[in-house]
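Here are my notes from going through the model, as numbered points. Have it open beside you as you read.

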Amino acid sequence: MDVSQLGTIVGGVLSDIRDNGDKAVLAYEEKFDKVQLSQLAVTEAEIAEAEQQVDKNLYDSLVLAHHNIKAFHESQQFEGEKIETAPGVVCWQKSVAIEKVGLYIPGGTAPLFSTVLMLAVPAKIAGCREIVLCTPPNKEGRVHPAILVAAKIAGVSKIFKAGGVQAIGAMAYGTESVPKVYKIFGPGNQYVMAAKQQVSLHDVAIDMPAGPSEVCVIADAKSDTRYVAADLLSQAEHGLDSQVLLITTDEKKLQDIITETEKQLSVLPRKEIAARSLENSQFVLVADTEAAMELSNAYAPEHLIISTEDYEQLAGKVVNAGSVFLGTYACESAGDYASGTNHTLPTHGYAVAYNGVNLDSYCRKVTFQHLTDEGIRSIGEAVVCMAENEQLEAHANAMRLRVKDC
């Protein structure tokens with residue numbers, strides 16, 4: 001799609017939502033999600049009904065995933081330490097939660113209830129005071145029950161029926177129903193990513209530019225052909241604009257994986273989506289694992305699966321990747337759902353500069369410092385000297401007064 005056209009479309013929708021609030025969001029829900037809504041907020045009755053609709057196996061799976069995600073993200077909690085940088089000069093940091101965060105949960109071709117846990121669990125651990133969740137309803141005006149149940153398990157109660165650009169705009173600007181937030185999290189299609197980038201220029205922070213999903217699999221002669229094909233297809237079925245990259249050092253393995261991929265593709269319920277995605281994908285033969293890692297690091301994949309015999313050695317050579325899966329059994333699906341790591345990750349090469357969502361994503365580090373009279377004697381003259389040489393006399397004077405008194 002022409003990027004300039006994309007930006008124009010998204011900008012028009014955002015402007016309308018900023019000016020017209022709920023009325024505009026409801027209109028775009030009718031236009032884009034083909035649903036007429038009387039209100040945006042999900043009711044307590046709808047959440048209670050959803051609990052009755054989710055079967056026990058799925059509920060238990062959500063609880064297990066919640067436990068592991070919580071355990072992994074709790075381990076990331078920051079403990080600030082007071083440091084005396086010079087006699088009488090003490091500096092430290094405190095981690096403070098972002099007060100209001102917005103979570104976007106895609107609903108499109110698949111209801112990503114797992115993303116609810118990935119985004120809401122660290123927000124709760126961080127201590128965010130207000131957590132707002134937006135997700136598109138179906139044509140009957142209902143949110144998928146598993147999304148509502150996952151939200152309840154994670155402790156989120158402010159849920160709104162809004163998808164795509166209109167959801168991002170509602171959280172960025174605030175409407176009569178949807179509270180304005182300070183930072184927006186969550187993946188989405190090209191429209192969602194463009195909306196997040198536009199609102200981040202002036203109105204709200206975002207987690208990262210997370211767009212269409214991707215995976216890179218590195219295989220060698222001993223990799224399990226079935227597993228590799230399954231991993232490629234598990235990513236390809238995400239959406240029409242998803243992408244997979246296979247890098248292998250063995251030509252026979254490459255041909256075997258192509259054959260196996262076609263075999264497994266033929267029986268997938270979402271085979272048409274996966275087939276289209278594979279058209280945007282590449283299967284690459286390289287001379288050795290050194291070349292494989294060089295290509296992978298240049299690609300900077302959202303997900304990187306290293307299913308080679310020497311995966312431990314290659315893991316040390318990873319420079320650019322969102323999340324890495326090592327060995328025969330670490331399929332991407334584990335991280336997508338229940339291993340505990342976060343699946344909200346940078347795509348489209350942004351892994352060269354961005355990391356995935358973690359506990360720090362929901363916090364700010366506030367810096368503190370305390371100086372005694374001894375501290376003034378330790379650094380005062382240096383501060384005055386530096387300020388004078390930058391020709392900032394008021395800066396120099398603020399310290400000079402204290403130097404004279406100490």
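1. Start with S323: setting aside neighbours within four places in sequence, its contacts (heavy atoms within 4.5 Å) are E302, H303, L304, T341 and L345. S323 sits in strand β12, residues 323–326. Helices here are DSSP runs of H or I with at least four residues, strands are runs of E with at least two, and both are numbered from the N terminus. With a relative accessibility of 12%, S323 counts as buried. Buried means under 20% relative accessible area, exposed means over 50%, and partly exposed is in between, using a 1.4 Å probe and protein chains only.

2. A word on what you're looking at: this is a predicted model, where local features need pLDDT of at least 70 and side-chain atom pairs count only at pLDDT 80 or more, while totals for chains, interfaces and linings use all residues. Residues are numbered from 1 along each chain as its sequence is written, and side-chain values use heavy atoms, with hydrogens and water left out.

3. Now the overall picture. The protein has 15 helices and 13 strands, and its C-alpha trace spans about 80 × 60 × 45 Å along the principal axes. Of the 406 residues, 48% are buried. Take the contacts between residues at least 6 apart in sequence: 74% of them join residues at least 24 apart.

4. Not counting residues up to four places away in sequence, S296 touches C216, I218, I247, P301, L304 and N320. L304 is also on the contact list of S323. Y28 belongs to helix α1 (residues 3–32) and is buried at 12% relative accessibility. Y28 and T225 are 197 residues apart in sequence, and their C-alpha atoms are 45 Å apart.

5. How do α2 and α5 cross? The axes of α2 (residues 44–53) and α5 (residues 145–154) come within 8 Å and cross at roughly 105 degrees. The axes are lines fitted to C-alpha atoms, for helices over the stretch in contact, with angles from 0 to 180 degrees between N-to-C directions. The two helices are therefore roughly perpendicular; the cut-offs are 65 to 115 degrees for that label, under 35 for roughly parallel, over 145 for roughly antiparallel, and oblique for the rest. On the α2 side E46, I47, A50, E51 and Q53 take part, and they meet P145, L148, V149 and K152 of α5. The residues of this contact divide into 5 nonpolar, 1 polar and 3 charged. Ala, Val, Leu, Ile, Met, Phe, Trp, Tyr, Cys and Pro count as nonpolar, Asp, Glu, Lys and Arg as charged, and the others, Gly among them, as polar.

6. Which residues of α2 are buried? They are E46, I47 and A50. Down the helix axis they fall within an arc of 100 degrees, so they line one face of α2. That arc is taken from the directions from the helix axis to the C-beta atoms. These buried residues pack against α5 and β5 (158–161), while the face turned away from them carries the exposed residues E44, A45 and Q52.

7. Finally, please check two backbone spots. H348 has a positive phi near 55 degrees without being a glycine, and lies in the loop between α13 (332–337) and β13 (363–371). Q391, also not a glycine, has a positive phi of about 60 degrees; its loop runs between α14 (373–389) and α15 (393–405). Most residues other than glycine have a negative phi. H348 counts as exposed at 61% relative accessibility, and Q391 counts as exposed at 72%.
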